[in-house]
Amino acid sequence: MATTHRDFTLALGGGGAKGYAHLGVLQVLEDYGLRPAAIAGTSVGAIVGALLAAGYTARQAEHFIRSVPADEAFRRQNHSLPSFLGLAGIEAMLHTALGPERTFDQLDLPFGVTAVDLHTGRLVYLRRGPVVPAVLASAAVPGIFPPVPWGDEHLLVDGGVLDNVPVRLARRLAPGLPVVAVVLTPRPEALTADQDVRFLADVPVFGKAIQRLRYVQALNYFMRAVDIAGAHLTHWRLHHDRPEVVIAPPVGDVGLLAGNEVADDVIARGRRAAEEALPALQRARQPWRRWWRRRPSHDDEVLEL
């Protein structure tokens with residue numbers, strides 16, 4: 001078995017079902033004895049990251065994620081706030097894997113997730129208290145999944161609204177270590193017509209027939225515009241935050257709400273991308289490179305909850 005090294009930190013980006021690629025990336029890293037010293041996640045990156053931070057391997061995390069029944073994954077709960085869909089199946093899986101009361105300080109690794117507060121318009125870092133509600137807040141794609149109330153003053157949604165690949169949070173969690181960013185968002189110039197959003201088409205309970213409804217067609221246009229804006233913002237932030245290593249599996253054609261039927265293919269894409277990035281990761285881990293690494297930036301606009 002390969003010797004385990006923990007001399008880098010992970011920033012796992014958001015992207016819905018594209019997140020199966022995270023599992024492929026992490027499987028390759030583990031095969032080479034490379035495990036992170038800390039993990040920061042956004043949206044699906046928060047879901048996968050929470051499982052790893054709790055001590056599960058990438059293959060064990062894959063087992064948990066695949067165990068969610070297709071007809072349960074996006075079920076709404078009666079007590080949730082307004083949304084098209086819900087995350088009842090994902091929440092149940094996280095409760096099984098982590099326990100409903102597991103807190104951040106009870107995890108095996110330093111871990112944090114991003115969210116956005118609808119009341120203040122600010123980016124939020126969640127690093128304290130119960131893990132499962134924080135992960136659900138990070139994954140609450142606005143309008144699609146319900147926002148998560150946080151205390152009496154905050155209403156949280158998907159961190160990808162402002163920071164889809166949490167490089168700065170990763171630097172805070174493990175100062176001085178190289179950041180490996182796993183990016184699921186295609187570059188803006190790579191967006192093509194065959195990557196158009198088909199909202200709800202991949203959800204078993206709805207099927208593709210619903211795409212003929214005019215309000216869903218209109219929502220497809222809106223979601224496509226959101227994807228374009230998100231791609232520009234994500235890659236602008238990556239340009240400024242400068243992770244030491246970027247792993248970018250080619251998953252732009254994978255739908256946000258696709259199910260387990262795409263898992264094998266998307267995991268394989270993640271594995272290939274990780275294998276191609278191994279030389280860059282080995283270079284970034286060299287001790288002599290640490291002297292010039294920037295210290296964690298101070299973000300006045302970020303709320304820490």
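This report walks through the nonpolar cores, some helix packing and a few individual residues of a predicted model.

Residues are numbered from 1 along each chain as its sequence is written, and side-chain values use heavy atoms, with hydrogens and water left out. Because this is a predicted model, local features need pLDDT of at least 70 and side-chain atom pairs count only at pLDDT 80 or more, while totals for chains, interfaces and linings use all residues.

**The cores**

Let's start inside. A nonpolar core here is a set of buried Ala, Val, Leu, Ile, Met, Phe, Trp, Tyr and Cys residues joined through side-chain atoms within 4.5 Å. Buried means under 20% relative accessible area, exposed over 50%, and partly exposed in between (1.4 Å probe, protein chains only). The largest nonpolar core has 80 residues, and Leu94, Phe111 and Leu126 touch the most other members. Helix α8 (residues 263–284) gives the largest share of this core, 9 residues. Helices (H or I, at least four residues) and strands (E, at least two) are DSSP runs, numbered from the N terminus.

What does leucine 94 touch, not counting residues up to four places away in sequence? The list is Ile47, Leu51, Gly99, Val132, Val135 and Leu136, where contact means heavy atoms within 4.5 Å. There is also a second, separate core of 20 residues, with Ala38, Val116, Tyr125 and Val167 included.

Two packed helices are described by the angle between their axes and the distance between the axes. Axes are lines fitted to C-alpha atoms, for helices over the stretch in contact, and angles run from 0 to 180 degrees between N-to-C directions. Here are two pairs that involve α2 (44–53).

| Pair | Angle | Axis distance |
|---|---|---|
| α2 and α3 (residues 58–66) | about 125° | 9 Å |
| α2 and α5 (residues 131–138) | roughly 155° | within 7 Å |

Who does the touching? On the α3 side, Val48, Leu51 and Leu52 of α2 meet Ala58, Ala61, Phe64 and Ile65 of α3. That contact has 7 nonpolar residues, no polar and no charged. Ala, Val, Leu, Ile, Met, Phe, Trp, Tyr, Cys and Pro count as nonpolar, Asp, Glu, Lys and Arg as charged, and the others, Gly among them, as polar. With α5, the α2 residues Ala46, Ile47 and Ala50 meet Val131, Val135 and Ser138, giving 5 nonpolar, 1 polar and no charged. Helix α5 is mostly covered, with 7 of its 8 residues buried, among them Val132, Ala134 and Leu136.

**A few single residues**

Serine 43 sits in the loop between β2 (38–41) and α2. Its phi is positive, about 60°, although serine 43 is not a glycine, and the residue is buried at 7% relative accessible area. Arginine 242, in the loop between α7 (214–241) and β8 (245–247), also has a positive phi, near 50°.

Alanine 170 belongs to helix α6 (residues 167–173). It counts as buried because its relative accessibility is 0%. Its C-alpha atom is separated by 7.1 Å from that of alanine 38, 132 residues apart along the chain. Leaving aside neighbours within four places in sequence, alanine 170 is in contact with Thr9, Leu10, Ala11, Ala40 and Val179.
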